[in-house]
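Here's a quick briefing to read with the model open in your viewer.

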Amino acid sequence: MGFYCKKKAPASKGAELKKKLDRVFSQYIRLRDMLPGTTLFRCISCNKVYPIGEADCGHYINRKHMSTRFSEVNCHAQCRQCNRFDEGNMSGYRLGLVRMYGETRVAYLEAQKYETRKYGDYEYEELIRHYKKEIARMLEERGEKITVLSKKIGVKI
Ligand SMILES: [Zn+2]
């Protein structure tokens, strides 16, 4: 029996902000990758087209690496088959990235993985604000609502 009574520490503000940024950033990436004039997306890894409501925000370099967790080059709309059942379909993901950004940019991203990156609360708050604004802008431009990301319906009529 321990002498000290340890209370479980409440989740820190940083952890809460990180979670919030994860959610907002994922919404941003999926909206960004919606094909123009549709509510569809093309999976970065398998190149197939699906309704945006079935997209995940897939990380090329695992999201445990903070240096690339919120990189717009590292994250793309990905189908659930690739993201959840095919361990991210990494060879397909890399091909998709090279097609989009070129080999040099992808190699740079891969090197970035080993950098140390820490976010302060203020930075999180700024990024959340930034991406919320971007989301609102994209939704307005496309005449869509955020629920488009949870709908299963495909082509807009
Ligand atoms: Zn896929």
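What follows is a short tour, from the overall layout down to single residues.

Keep in mind that this is a predicted model. The protein chain has six helices and four strands, and 25% of its 157 residues count as buried.

**Overall layout**

- Reading from the N terminus, the order of elements is α-β-β-β-α-β-α-α-α-α.
- Take the contacts in the protein chain with a separation of 6 or more: 73% of them link residues 24 or more positions apart.

**The α1/α6 pair**

- Helix α1 covers residues 13–32 and helix α6 covers residues 121–142; their axes sit 9 Å apart at an angle of about 25°.
- Angles under 35 degrees count as roughly parallel, so that is the label α1 and α6 get.
- The crossing of α1 past α6 is left-handed.
- On the α1 side, the contact residues are Lys13, Gly14, Leu17, Lys18, Lys20, Leu21, Val24, Phe25, Gln27, Tyr28, Leu31 and Arg32.
- Facing them from α6 are Asp121, Tyr124, Glu125, Leu127, Ile128, Tyr131, Lys132, Glu134, Ile135, Met138 and Leu139.
- Sorted by class, the α1 and α6 contact has 13 nonpolar, two polar and eight charged residues.

- Val24 belongs to helix α1 and is partly exposed, since 19 other C-beta atoms lie within 10 Å.
- Beyond four places in sequence, Val24 touches Ile128, Tyr131, Lys132 and Ile135.
- Val24 and Lys132 are 108 residues apart in sequence, yet their C-alpha atoms are 6.6 Å apart in space.
- Glu16 is another α1 residue, and it counts as partly exposed because it has 13 C-beta neighbours inside 10 Å.
- From Glu16 to Asp121 is 105 residues in sequence and 9.6 Å in space, going C-alpha to C-alpha.

**The nonpolar core**

- The largest nonpolar core has 26 residues, and Phe25, Ile29, Phe41, Ile52 and Ala77 have the most contacts inside it.
- Elements giving two or more residues to this core are α1, β1, β3 (55–59), β4 (75–79), α4 (90–101) and α6.
- The largest share of the core comes from α1, with five residues.
- As background, nonpolar side chains tend to be buried together in soluble globular proteins.
- Phe25 touches Phe70 and Tyr131, once residues up to four places away in sequence are left out.

**The α4/α5 pair**

- Helix α5 spans residues 103–112, and α4 packs with α5 at an angle of about 125°, with axes 7 Å apart.
- That angle makes α4 and α5 oblique to each other.
- Arg94, Leu97, Val98 and Tyr101 of α4 make the contact with Glu103, Arg105 and Val106 of α5.
- By class, the α4 and α5 contact has four nonpolar, no polar and three charged residues.
- Arg105, which lies in helix α5, has 13 C-beta neighbours inside 10 Å and so counts as partly exposed.

**Thr68, a closer look**

- Setting aside neighbours within four places in sequence, Thr68 is in contact with Ile61, Asn74, Leu109, Gln112 and Lys113.
- Thr68 and Arg117 are 49 residues apart along the chain, and their C-alpha atoms are separated by 8.5 Å.

**A backbone detail at Asn47**

- Asn47 sits in the loop between β1 (40–42) and β2 (49–51).
- Asn47 has a phi near 70°, which is a positive value in a residue other than glycine.
- Asn47 is partly exposed, because it has 13 C-beta neighbours inside 10 Å.

Key:
Residues numbered from 1 in each chain as written. Predicted model: local features only at pLDDT ≥ 70, side-chain atom pairs only at ≥ 80, totals over all residues. Axes fitted to C-alpha atoms, helices over the stretch in contact; angles between N-to-C directions. Parallel < 35°, antiparallel > 145°, perpendicular 65-115°, else oblique. Left-handed = near helix turned anticlockwise from the far one by under 90°. Contact = placed C-beta atoms within 7 Å. Nonpolar A, V, L, I, M, F, W, Y, C, P; charged D, E, K, R; others polar. Buried ≥ 20, exposed ≤ 12 C-beta atoms within 10 Å, placed from the backbone. Core = buried A, V, L, I, M, F, W, Y, C linked by C-beta atoms within 7 Å.
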